[in-house]
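Let's take a walk through this protein together, from one residue out to the whole fold. Please have the sequence and the 3D view ready.

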Amino acid sequence: MTEISRRKLITGGLAVAGGASGLAVAARLARRHGLIPPDAGGRYGAGEALTYAAQRVLGQHSMAREFSRSAISEKPFANEVDPLGDEFKRLQSANFADWRMTVDGMAARPTSFSLAEIKSFPTSSHITMIGCEEGWTYIAEWTGVPLSYILDRVGALPRVRYVVYRSFQPAWWESIDMADALHPQTVIAHSMNRSELPVPFGGPLRLRIPRQLGYKNVKYITHLTLTDNLKPFGKGTGGSASDGGYAWYAGI
């Protein structure tokens with residue numbers, strides 16, 4: 001079967017199942033083709049599976065809309081976070097010279113990178129909109145290291161299916177599949193609007209995924225884990241937000 005005919009079969013089946021027989025049938029079809037999100041066992045699991053499967057078949061390589069520099073928001077909104085504590089203040093007072101981002105799990109060369117090392121890597125920039133499920137949005141220019149470069153540098157193993165990423169705030173973590181991890185717009189951002197990434201917006205490092213809602217764009221990144229299974233993490237739904245009832249796949 002050609003890739004085009006396979007795509008037509010899957011998407012056609014998903015559409016028919018979703019419209020005629022209900023979401024449960026669509027979920028079974030998505031499972032048959034390995035397109036099940038980690039939170040598919042929840043109350044809205046069938047719908048989550050349909051959304052995720054349809055996006056991965058139809059728009060896996062789609063790009064988030066990019067804007068001109070004149071569209072950058074004059075007063076971007078920085079949503080509040082819990083107090084970061086004395087250790088964060090110590091790191092900040094030293095311009096984050098001691099900040100580390102560890103990459104482990106299914107990697108040939110697990111590594112801990114300093115902020116200076118990350119800033120020395122090749123960069124990519126895009127002017128994109130970040131939006132929150134609460135309704136606010138803003139447009140900014142984000143510059144950082146493509147996550148794909150980091151994965152290549154540590155030697156991500158072929159069996160890797162997900163990247164789990166954690167914040168300096170220990171309860172805050174999320175994950176994405178390899179389609180988003182390798183996407184050219186997904187970056188470990190260290191700059192915003194051509195200046196160092198401000199702390200209220202996630203500095204010194206933030207994972208920026210412009211194809212997903214704000215809560216997937218975790219601030220204060222310190223740790224990446226490469227894995228083929230999300231069940232051992234948290235409640236097994238793929239992130240702290242989905243553990244709390246939000247969708248794991250938050251595509252826009």
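**Starting from one residue**

Q55 is buried, with a relative accessible area of 17%; buried means under 20% relative accessible area, exposed means over 50%, and partly exposed lies in between (1.4 Å probe, protein chains only). Before going further, note that this is a predicted model, in which local features need pLDDT of at least 70, side-chain atom pairs count only at pLDDT 80 or more, and totals for chains, interfaces and linings use all residues. Residues are numbered from 1 along each chain as its sequence is written, and side-chain values use heavy atoms, with hydrogens and water left out.

You will find Q55 in helix α3, which covers residues 45-59. Helices (H or I, at least four residues) and strands (E, at least two) are DSSP runs, numbered from the N terminus. If we set aside neighbours within four places in sequence, Q55 is in contact with Q60, S62, R211 and Y249, where contact means heavy atoms within 4.5 Å.

Now step back to the whole protein. Its secondary structure comes to eight helices and 10 strands, and 50% of its 252 residues count as buried. Among contacts with a separation of 6 or more, 66% are between residues 24 or more positions apart.

Next, look at the sheet. Five strands form an open, mixed sheet in the order β2-β1-β10-β5-β6; two strands pair if DSSP finds at least two bridges between them. The edges belong to β2 (111-114) and β6 (173-177), each with a single partner strand, so one side of each is left without a neighbour in the sheet. Within the sheet, β1 and β10 run parallel and are joined by four bridges. V103 stands opposite L224 in β10.

What about the nonpolar residues? The largest nonpolar core has 34 residues, and M101, L147, I150, L224 and L226 have the most contacts inside it. Such a core is a set of buried Ala, Val, Leu, Ile, Met, Phe, Trp, Tyr and Cys residues joined through side-chain atoms within 4.5 Å. Several elements each supply at least two residues of this core, including β1 (100-105), β5 (162-167) and β10 (221-227). Helix α6 gives the most, with four residues.

Leaving aside neighbours within four places in sequence, I150 is in contact with M101, V103, F113, F121, V145 and L224.
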